[in-house]
Structure formats: C-alpha cells, structure tokens
Amino acid sequence: MSEKRTCLYDKHVEQGAKMVPFGGFEMPIQYTDIVDEHNSVRKSCGVFDVSHMGEVLVTGNEAERFVQHIFTNDISGAPVGKIFYGMMLHENGGTIDDLLVYKMGEAEFFLVINAANIDKDYAWISAQADKFDVKVENQSDCYGQIAVQGPLAEVVVEKHLALACKDLQFYTFNTLEIEGETVIVSRTGYTGEDGFEIYGSHAYIRHCWDRLMASGEAKPCGLGCRDTLRFEVGLPLYGDELTDEISPIEAGLGMFVKLDKEEFVGKEAVALQKAEGVTRKIVGIELSGRAIPRHGYEVVVEDKVVGTVTTGYNSISTGKSVCMALVDIAYAKIGTPVQIRIHRKLQDGVVTKKRFYEKNYKK
C-alpha cells in the first residue's frame with residue numbers, strides 16, 4: 001500500500017527534507033540535522049508538519065455523554081475552549097489510542113487521534129456510537145495541521161501569522177473565522193516547550209508554512225527531533241509506551257484515568273489495576289556509559305530478562321544515554337540497578353524518573 005502525502009509534501013521536498021514512511025504517510029524525518037532542529041525548538045522556535053494526525057468530530061444531543069463513555073479523562077462541565085488528554089481503552093484496559101479532546105461547543109467535540117490509528121480508531125468509535133444520539137465524522141482529510149514550538153513560539157505566531165494567541169492558557173484553544181474558513185489555534189504540543197498547534201484547510205496551512213519559512217524565525221523540523229523532544233520530557237508515543245497490550249496505568253499515566261466517573265469502556269480493568277497494583281511499569285533508565293539503548297533491547301538483572309526498552313536515545317539536551325522501558329514491577333523502583341543488552345554486551349544503568357528534561361510549558 002502506497003503512503004499518503006500531507007498538504008505540505010511538496011514544500012518538504014523543495015526544502016530538501018529526507019522523507020520516510022510514518023503512520024501511513026510520507027513524512028519529513030529531518031531537513032538538515034536532527035540535533036540542530038532539536039536545539040532550535042529548545043532554544044528558539046521550530047515548526048512541524050503534523051497534518052498526518054487524524055480528526056474526528058462528534059456532535060449531537062448525547063455528544064458529551066458519548067465522549068465520556070469512550071474516554072478515560074473527565075470532560076463533564078468543562079467550558080468551551082478546553083482541551084483534555086486521555087485514552088480510549090479496550091475492555092481489558094489495553095490502549096486503543098491516546099488522544100486530545102477539544103470542547104468546541106456544548107454538543108460538539110473534536111477528537112485528535114494518531115495517524116497510524118485513524119482507521120482503527122474511527123471504526124471503534126463508530127461502533128460505540130450506535131448506542132448514542134450522536135453523529136461521528138472522520139474529518140482527517142479536511143484538515144492540515146502545523147505545530148509551532150519553542151520559547152519564541154508565541155512571538156512568532158502573533159507576528160508572522162497574525163493569530164492572537166498570547167492570552168491562551170495551556171490546553172485551551174480559540175476557534176477563528178479567517179476569510180470564511182474555520183481555524184483552530186491551541187496552546188498544545190508534543191515537545192515539552194511552549195507552543196501552538198494550528199488546524200485549518202490545506203490551503204490555509206500551506207499559507208502559514210510559507211509565511212513562517214519566509215520569516216526566517218521558525219526552523220522547519222522533522223519527525224526525528226519530534227521524537228527526541230517528546231522522549232526527553234517523558235511523553236509517550238503510541239506503539240512504544242502505549243499499545244493495545246499496555247494500559248495507561250502500566251504506562252504511569254493514571255492521572256488521566258478518572259475512576260470517579262460513572263463509567264467508561266475499560267474502567268473495570270484499570271480500576272482493578274489501580275487497586276491491586278500492576279505487574280509491570282514504564283520507567284526511565286540512565287546508563288553509566290555512552291552506548292545507546294534502542295526499542296526492543298532487553299533489560300536484565302542478574303542474567304534475568306526483566307523488561308524491554310520502549311524508546312532510547314543519547315539525550316540531546318542532557319548528553320546522557322537514557323531510555324524508557326517496560327519492566328517487571330519488582331525492578332521499577334527509582335534507584336534500582338539494571339543492565340541493558342546492547343550489541344550482546346550488558347551496559348550498566350539505574351532506574352530513574354521518565355522525565356529526563358524539565359518541561360517548559362506556559363501555565
């Protein structure tokens with residue numbers, strides 16, 4: 001099956017980006033250098049094409065009750081303009097996807113889902129909707145999306161895109177009408193830095209990209225540094241730290257699972273995990289040497305395999321060799337000595353917090 005292309009594909013090719021398959025799309029992994037792009041986001045401003053993400057609109061008389069039913073977080077009574085992070089679960093507690101829910105109106109919710117999961121998610125959401133007075137629309141092909149990230153993101157967005165954003169709080173959004181088009185601007189991101197995600201028509205997003213590139217104040221960034229940035233601040237990637245077989249409790253994301261809600265799919269399973277404890281957990285690990293742990297590498301204690309690496313890098317911001325790993329709960333305590341098998345050699349490490357670099361969000 002051939003990969004799809006976003007509305008900015010030709011822009012990436014013109015700028016010499018290295019393109020790779022990701023989530024069913026041809027996406028830029030880097031333009032110049034992953035380290036350079038990573039540091040631009042940490043120190044100034046970078047812009048990402050995230051048009052591959054999926055969007056599902058839920059409307060109708062029972063829209064809020066329906067979203068409550070399929071979503072682990074609690075959106076009840078939230079004001080219009082609020083955004084929530086959470087998960088959709090299987091009955092056994094495994095994660096279908098992690099997503100953002102935007103409250104567009106009292107009976108209108110905008111769900112932003114992962115690109116690789118669009119078909120799976122939409123089929124599951126549609127099946128669940130049969131029991132509710134709601135309309136579910138897959139609008140993934142209607143929107144382009146860019147993420148403007150970094151400590152200078154606010155200045156760049158206001159100056160070069162003329163989008164008022166400085167009054168937005170973290171995890172809130174504005175809906176704007178610009179030349180007859182609906183544009184969504186949210187103070188969100190996936191880098192650990194301040195920033196904004198902008199949704200609009202393909203033509204509008206192309207216009208925004210051109211303005212940002214012409215400004216010289218926003219560096220184009222690929223998915224390579226998007227991964228290194230999110231990893232350093234302990235943010236999960238679906239397929240690594242969350243999967244159909246890994247629950248949000250095992251991933252250490254229990255704060256986004258609200259058990260005081262009346263019900264949601266998978267509630268009984270995750271409630272049991274919270275009550276009885278889990279048998280495994282996602283942790284951070286810091287190695288004493290420079291060897292780099294990669295996804296799938298074994299975590300070992302006294303010649304016994306006790307887990308596997310989910311994501312690992314030589315952290316660009318800290319210079320340390322670190323990873324996240326899913327390990328048996330007996331070895332999940334911070335300070336526990338472990339080893340990671342890298343190219344048949346065991347490298348010494350210690351369990352740490354998953355957050356290797358402190359987030360710099362605007363509160």
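Guide: Helices (H or I, at least four residues) and strands (E, at least two) are taken here as DSSP runs, numbered from the N terminus, and on that basis the secondary structure of the chain comes to eight helices and 20 strands. The radius of gyration, taken over C-alpha atoms, is 20 Å, close to the 21 Å that the globule rule (2.2 Å times the number of residues to the power 0.38) gives for 363 residues, so the chain is as compact as a globular protein of that length. This is a predicted model, in which local features need pLDDT of at least 70 and side-chain atom pairs count only at pLDDT 80 or more, while totals for chains, interfaces and linings use all residues. Residues are numbered from 1 along each chain as its sequence is written, and side-chain values use heavy atoms, with hydrogens and water left out.

Along the principal axes, the C-alpha atoms fill a box of roughly 65 × 50 × 45 Å. Of the 363 residues, 56% are buried, where buried means under 20% relative accessible area, exposed over 50%, and partly exposed in between, with a 1.4 Å probe and protein chains only. If contact is taken as heavy atoms within 4.5 Å, then residues 24 or more positions apart account for 66% of the contacts with a separation of 6 or more.

Now to the rings. A pair of aromatic rings is described by the distance of the centres and the angle of the planes. Rings of Phe, Tyr and Trp (its six-membered ring) pair if their centres lie within 6.5 Å, and planes under 30 degrees apart count as stacked, over 60 as edge-to-face and the rest as tilted. By this rule the chain has ten aromatic pairs. One of them joins Phe 110 and Tyr 143 edge-to-face, at 5.3 Å centre to centre and with 70° between the planes. Phe 110 lies in strand β8 (residues 108-113) and Tyr 143 in the loop between β9 (135-138) and β10 (144-149), so this pair ties together parts that are 33 residues apart in sequence. Both Phe 110 and Tyr 143 are buried.

Phe 110 also forms an edge-to-face pair with Tyr 199, with 5.6 Å between the centres and 85° between the planes. Tyr 199, like Phe 110, is buried. Ring pairs link Phe 110, Tyr 143 and Tyr 199 with Tyr 102 and Phe 173 into a cluster.

Ser 315, in the loop between β17 (304-314) and β18 (321-328), is buried, with a relative accessible area of 1%. Asp 348, in strand β20 (residues 345-352), is partly exposed, at 44%.
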